[in-house]
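Below is a short briefing on aromatic rings and their contacts. Please read it alongside the structure.

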Amino acid sequence: MRLALQGAALGHAESLMSGAYAPLTGFMSRADAFAVAANGTLADGTPWPAPVTLAGDTGDTADAGDQVELSDPEGAPVALLTVTEHWDGFLAGPLTPLRPVSYGAFLSLRRTPAEVALPAGSIAVLADRPLLTDDLLSLDTSEASRLLVMVPAIDGQEALVRAVRAGVAELTGPAELVVIPLPDPTLAEVVARNYGAARLIRLRRTETVVTAEKLLAAGARIPAEIASAAVAEQLRQVHPPKDRRGLVIFFTGLSGSGKSTVARGVVDRLHERGGRTVTMLDGDVVRRMLSQGLTFSRADRDLNIRRIGFVAAEVARHGGIAVCAPIAPYAATRAEVRAMVTGAGGELLLIHVSTPLEVCEARDRKGLYAKARAGLIPEFTGISDPYEAPTDANLTLDTSTMSEQAAITAVLTLLDSHSQ
Ligand SMILES: Nc1ncnc2c1ncn2[C@@H]1O[C@H](COP(=O)(O)OS(=O)(=O)O)[C@@H](OP(=O)(O)O)[C@H]1O
Ligand SMILES: Nc1ncnc2c1ncn2[C@@H]1O[C@H](COP(=O)(O)OP(=O)(O)O)[C@@H](O)[C@H]1O
């Protein structure tokens, strides 16, 4: 059996095999996971802050004694999981490394505790943001024999790594830079201890950080008191000015609510303005090009929306605007898309086109509602299938009470307020 890992699961697997999670050597059993939730310890009483679990969707049923080959997202095998328990959809068991992880940037910085071999008395800092001038001053005066700078990076955090590396180059004391897969920041103390650090420093969100973010968002110059020229140059890539950040405009609503009409109008206006790349991912077009063959079952709808989310997040990663207009009836799946987009450094604006069902049905542009009422189309959203109205929409538009132009203008106004 095989299982391709990505994101948090791959990060956990790497840390389990590198010794960064010692004494844990495998994905947690039910007893361990429940003890963590109830007492903050493993089942044997060892303090442990967070679950390290593997959702086991292998397509087959893996049972105790089975071996599952875990691979990276490109399919290269990384570990063999000897299953000790299959509980509530999770696979537990120890990992045997197959091949060193060969996936991702900065491989040379992804060193294990044994490779770093930190001397006694060292301290660690969790560099989950770039090191500003203040940070460098305070870290440099530390009496640690060596400073371990740990950059948490699972997916596409290269700009953060580059920015931290620029800061570390300015430290005068001895420092080691490592890139660690850290899916859950509460595990940072465990990881630091396993690297041999006597304690962990967490960076705070100081006034200087807030000021730096404001200057960066506005595209303004960063003074040396805030960050050195080299760090500032990298910072500009971590935090591009707002008007150049990846953006996903995600419309959701019933069939016939007006998603495509308003989305197309927004795209046209953005093209007229120029200056940004705009990618339209319309529901119908996606169904034809990316998701042909998928049904309207919950599982297939979720898959369809995840595919849209993946493409939109890639567009955002490269600083573009993606405009999506599927029904996307499920809140949990929309939340996944939001997470994918923010994980790619972009922002998602959720637009709920809330036109009432009666109006959509009266419009019945494609004659589908009539067919759905006649029972000819099963699982039709709003008729015989659910639509979970968002509670986290950035904008709600009811096209039964506003004109097409007013709806388009409302979206553009929201966009402009987010780009400043
Ligand atoms: N059973 C059922 N339920 C809902 N919609 C249906 C169904 N069967 C076909 N259609 C047509 O497919 C379009 C919706 O596809 P989406 O990909 O946006 O749906 S979903 O987000 O995956 O739920 C939707 O297009 P829009 O009208 O543009 O929303 C419909 O025309
Ligand atoms: N104010 C409005 N905004 C958007 N569409 C409207 C409006 N009033 C009427 N319509 C019509 O409603 C229909 C909406 O269809 P469409 O945009 O394809 O919806 P969806 O993509 O949500 O299925 C179109 O025929 C459109 O002309």
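**Aromatic contacts**

Searching the whole structure turns up four aromatic pairs; rings of Phe, Tyr and Trp (its six-membered ring) pair if their centres lie within 6.5 Å, and planes under 30 degrees apart count as stacked, over 60 as edge-to-face and the rest as tilted. This is a predicted model, in which local features need pLDDT of at least 70, side-chain atom pairs count only at pLDDT 80 or more, and totals for chains, interfaces and linings use all residues. Residues are numbered from 1 along each chain as its sequence is written, chains are lettered from A and ligands numbered from 1 in the order in which they are written, and side-chain values use heavy atoms, with hydrogens and water left out.

**Tyr21 and Trp48**

- One of the pairs is edge-to-face: Tyr21 and Trp48, at 6.1 Å centre to centre with 85 degrees between the planes.
- This pair links distant parts of the chain, 27 residues apart: Tyr21 is in the loop between helix 1 (7–18) and strand 2 (26–27), and Trp48 in the loop between helix 2 (30–39) and strand 3 (67–71).
- Helices (H or I, at least four residues) and strands (E, at least two) are DSSP runs, numbered from the N terminus.
- Tyr21 is buried at 0% relative accessibility, and Trp48 is buried at 1%.
- Buried means under 20% relative accessible area, exposed over 50%, and partly exposed in between (1.4 Å probe, protein chains only).

**Trp87 and Phe90**

- Trp87 and Phe90 form a tilted pair, 4.8 Å centre to centre and 40 degrees between the planes.
- Trp87 is buried at 6%, whereas Phe90 is partly exposed at 26%.
- Phe34, Trp87 and Phe90 are linked into a cluster by ring pairs.

**Charges over rings**

- Arg287 lies over the face of Phe296, 3.8 Å from the ring centre.
- A charge sits over a ring if NZ of Lys or CZ of Arg is within 6 Å of the ring centre and within 35 degrees of the ring normal.
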